[in-house]
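Colleague: I keep meeting labels and wondering where they come from. Can we go through them one by one?

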Amino acid sequence: MNDPILFAGSIDVAELSFYLFAGFFLVLVIWLNRESRREGFPLEDDVSGKLLHNDSFIQMALPKTFHLPFDQGEVTSPPAEDRDPVEVPNARRTSHFSGSAIEPVGDPMLSAIGPGARTPRAKFADVTSEGHLRIVPIDHVPGMHVNVRDGSPVGKTVYGADDEVAGTVSDIWVDRSEFLIRYLEVDTGARRVLMPMMMAIVKKDKVTCSAITGAQFAGAPATPAGTITRDEEEHVVSYFGGGYLYATPERQEPLI
């Protein structure tokens, strides 16, 4: 049997390779742990807002500035300031203990908690890899149309979860990157609002939405003019998402 190649008397090549691998793996784990905490960190007490002691060198990465494409500015993460407010508008805590539940105050559809929770997003529209607006009305995308065998939902009456008329589909908003429908524009009579396509059921003679009632369509965020920012999308989806719990009092009660 060949003798191992020794370094410094008693350390051979295999042992040295193991130490190098273990050291590299340890550094990798620390780096991944630091990089994974750029969003939502450092942690803070949810009652007082006081930052917790979790900002050591091993736990938190140094701030890094990302240059956004197409002259959309810069984003620094983790941010040194602009922390989320401790108090949630239109909601209150059921107790003063950390981790206690939050319940809506006033109109629960405007509370932005539970299934309607949202987070602040960019105040500019999402774009494609070429820099074009990603989510736009279908007539803004040459060559894109609804298959004639499916039939266009434009002109069909929209009904809410209570089978009451909410309005009429007036337009279709598409995702030009994914080639699918993102929103249906609904004319309620007083205003036009966007309804997420994933929450709509298109039938031969009508469109139904089980998320909110017919009357609640009037309170949905108004349709912007030809473009929608990421933050506006967040408001639209959170409003309809909140309806699955807050649209009617019965939905907030236990099933049994």
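Modeller: Start with exposure. Buried means under 20% relative accessible area, exposed means over 50%, and partly exposed lies in between, with a 1.4 Å probe and protein chains only. This is a predicted model: local features need pLDDT of at least 70, side-chain atom pairs count only at pLDDT 80 or more, and totals for chains, interfaces and linings use all residues. Residues are numbered from 1 along each chain as its sequence is written, and side-chain values use heavy atoms, with hydrogens and water left out.

Colleague: Why is Arg192 called partly exposed?

Modeller: Arg192 has 42% relative accessibility, so it counts as partly exposed. That value falls between the cut-offs of 20% and 50%.

Colleague: What makes Arg192 and Glu185 a salt bridge?

Modeller: The term needs a side-chain nitrogen of Lys or Arg within 4 Å of a carboxyl oxygen of Asp or Glu. The closest N and O atoms of Arg192 and Glu185 are 3.1 Å apart, so the pair meets that limit. Glu185 is buried, because its relative accessible area is 6%. Elsewhere, salt bridges that share partners join Asp126, Arg134, Asp175, Glu178, Arg182 and Arg230 into one network.

Colleague: How do you know that Arg134 and Asp126 form a salt bridge?

Modeller: Their closest N and O atoms are 3.4 Å apart. Both residues are buried. The whole structure holds 11 salt bridges.

Colleague: What does the salt bridge between Glu234 and Arg121 tie together?

Modeller: Its closest N and O atoms are 4.0 Å apart. Glu234 lies in helix 2 (residues 230-246), and Arg121 lies in the loop between strand 6 (102-104) and strand 7 (135-137), so the pair ties together parts that are 113 residues apart in sequence. Helices (H or I, at least four residues) and strands (E, at least two) are DSSP runs, numbered from the N terminus. Glu234 has 18% relative accessibility, so it counts as buried. Arg121 has 35%, so it counts as partly exposed.

Colleague: Why is the span of helix 2 called close to the expected one?

Modeller: The expected span is 1.5 Å times one less than the number of residues. Helix 2 has 17 residues and reaches 24 Å from its first C-alpha to its last, and 24 Å is expected. Its buried residues, among them Val236, Tyr239 and Phe240, pack against strand 6, strand 7, strand 10 (180-187) and strand 11 (192-196). Contact there means heavy atoms within 4.5 Å.

Colleague: What makes the pair of Tyr239 and Phe240 edge-to-face?

Modeller: Rings of Phe, Tyr and Trp (its six-membered ring) pair if their centres lie within 6.5 Å; planes under 30 degrees apart count as stacked, over 60 as edge-to-face and the rest as tilted. The structure holds four aromatic pairs. Phe18 and Tyr19 are 6.0 Å centre to centre with 55° between the planes, and count as tilted. Tyr239 and Phe240 are 5.9 Å centre to centre with 80° between the planes, so the pair is edge-to-face. Tyr239 is buried at 8%, and Phe240 is buried at 0%. Ring pairs link Phe217, Tyr239 and Phe240 into a cluster.

Colleague: Why is Phe18 called exposed?

Modeller: Its relative accessible area is 52%, so Phe18 counts as exposed.

Colleague: How do you know that Lys206 lies over the face of Tyr159?

Modeller: A charge sits over a ring if NZ of Lys or CZ of Arg is within 6 Å of the ring centre and within 35 degrees of the ring normal. Lys206 lies at 5.4 Å from the ring centre of Tyr159.
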